[in-house]
Amino acid sequence: MESADINKILVPTDFSEPALKALRYATGLAPRLQASLTLLYVVEPAIYPAELGIAVNIEGDLMDRGREEITKLSAQECGAITTDTEVLTGVADLKIVETAEERGVDMIVMGTHGHSGLAHVLLGSTAERVVRKAP
């Protein structure tokens with residue numbers, strides 16, 4: 001893919017240090033490619049036993065907080081780069097791939113926590129699953 005073919009870059013974030021490093025990499029890359037950025041935060045659905053009777057809207061609160069944080073992050077890190085933000089609910093790797101497909105994204109730039117050993121087996125890697133599934 002020639003650099004002229006990269007017009008849209010998707011940058012998923014979980015607001016961690018690896019995600020911030022990936023965003024900074026993307027903000028350095030985007031102007032050289034004349035590409036726009038989409039920052040994406042995915043709130044994973046929380047599942048609680050019905051017996052707990054939890055009536056609070058945890059996902060709604062997380063969505064609101066995610067919108068605040070992603071807007072702030074965009075303002076702090078993206079400067080004059082054409083950037084939009086999105087906050088979705090769902091399974092992170094599936095929503096990242098879905099967003100890439102729907103928006104016709106040419107590149108995904110994302111960080112990874114670098115879990116290894118047992119942590120990797122138990123937690124898996126969102127980045128690894130995105131690499132396998134992304135167009």
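Biologist: Of the 135 residues of the protein chain, what percentage counts as buried?

Modeller: This is a predicted model, in which local features need pLDDT of at least 70 and side-chain atom pairs count only at pLDDT 80 or more, while totals for chains, interfaces and linings use all residues. Residues are numbered from 1 along each chain as its sequence is written, and side-chain values use heavy atoms, leaving out hydrogens and water. Buried means under 20% relative accessible area, exposed over 50%, and partly exposed in between, with a 1.4 Å probe and protein chains only. By that criterion, the buried share of the 135 residues is 35%.

Biologist: Which pattern does the protein chain follow along the sequence?

Modeller: Helices (H or I, at least four residues) and strands (E, at least two) are DSSP runs numbered from the N terminus. The protein chain has 5 helices and 4 strands. Read along the sequence, their pattern is β-α-β-α-β-α-β-α-α.

Biologist: How many bridges pair E2 with strand E3?

Modeller: Two strands pair if DSSP finds at least two bridges between them. Strand E1 (residues 8-13) runs parallel to E2 and is joined to E2 by 6 bridges, with threonine 13 opposite tyrosine 41 in E2. On E3 (residues 83-89), aspartate 84 stands opposite threonine 38. E2 and E3 also pair in the parallel sense, and their bridges number 7.

Biologist: What is the handedness of the β-α-β unit made by E1, helix H1 and E2?

Modeller: A crossover is right-handed if, with the strands pointing away from the viewer, the path from the first strand over the helix to the second runs clockwise. Here H1 spans residues 17-33, and the unit that H1 makes with E1 and E2 is right-handed.

Biologist: How many residues of strand E2 are buried?

Modeller: Strand E2 covers residues 36-43, which gives 8 residues. The strand is mostly covered, and its buried residues number 7.
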